[in-house]
Amino acid sequence: MTTIATLVPAYKPEYIRDLVISLRSQSRPPDRVIVSDDNPGGLVTQLLRSSELQALVADLRLELIPGPRRGAYANVRHLLAHWDGSTDLVHVMLDDDVAY
């Protein structure tokens with residue numbers, strides 16, 4: 001079976017709840033979700049680890065990594081390096097991309 005990873009270069013915590021709901025509603029859930037928190041205060045990580053979102057992220061195979069904090073392009077490159085070809089397919093889903 002083909003495996004897929006979703007890479008999320010995250011910066012804006014206000015969109016994270018909708019992003020998680022979007023990930024859960026996809027017809028083919030990703031085998032890996034890697035979120036690189038590029039927010040200066042680490043607010044994305046705090047939110048994803050909060051009790052408010054625990055039920056939503058519980059089965060997403062979510063990995064949180066700190067972002068490089070050098071802009072969006074650097075964050076995407078950072079995610080690709082961390083992913084390192086570990087799945088057959090990969091796609092980048094920006095933190096304010098929401099697909100229902």
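## Val44

Is Val44 buried or exposed? Val44 is buried, with a relative accessible area of 0%. Here buried means under 20% relative accessible area, exposed means over 50%, and partly exposed lies in between (1.4 Å probe, protein chains only). Val44 sits in helix α2. Leaving aside neighbours within four places in sequence, Val44 is in contact (heavy atoms within 4.5 Å) with Ala10, Tyr11, Lys12, Pro13, Ile16, Val35, Asp37 and Asn39. Val44 and Ile16 are 28 residues apart in sequence, yet 7.2 Å apart in space, C-alpha to C-alpha.

## The model

This is a predicted model, in which local features need pLDDT of at least 70 and side-chain atom pairs count only at pLDDT 80 or more, while totals for chains, interfaces and linings use all residues. Residues are numbered from 1 along each chain as its sequence is written, and side-chain values use heavy atoms, with hydrogens and water left out. Helices (H or I, at least four residues) and strands (E, at least two) are DSSP runs, numbered from the N terminus.

## Helix α1

Helix α1 covers residues 16–25. Its buried residues are Ile16, Leu19, Val20, Ser22 and Leu23. Seen down the axis of α1, they fall within an arc of 160°, so they line one face of the helix. The arc is taken from the directions from the helix axis to the C-beta atoms. An α-helix has 3.6 residues a turn, so residues three or four places apart point the same way.

The buried residues of α1 pack against β1 (4–10), β2 (32–37), α2 (43–48) and α3 (54–57).

## Strand β1

Seven of the seven residues of β1 are buried, so the strand is largely enclosed by the rest of the structure. Ile4, Thr6, Val8 and Ala10 are buried on one side. Ala5, Leu7 and Pro9 are buried on the other.

Strands pair if DSSP finds at least two bridges between them. β1 pairs with β2 in the parallel sense over six bridges. Ala5 has Arg32 as its bridge partner in β2. β1 also pairs in the parallel sense with β4 (residues 89–92), over four bridges. There, Thr6 stands opposite His91.

## The largest core

A nonpolar core is a set of buried Ala, Val, Leu, Ile, Met, Phe, Trp, Tyr and Cys residues joined through side-chain atoms within 4.5 Å. The largest one has 16 residues, of which Ile16, Val20, Val35 and Leu48 touch the most other members. β1, α1, β2, α2 and α3 each give two or more residues to this core. Its largest share, four residues, comes from α1.
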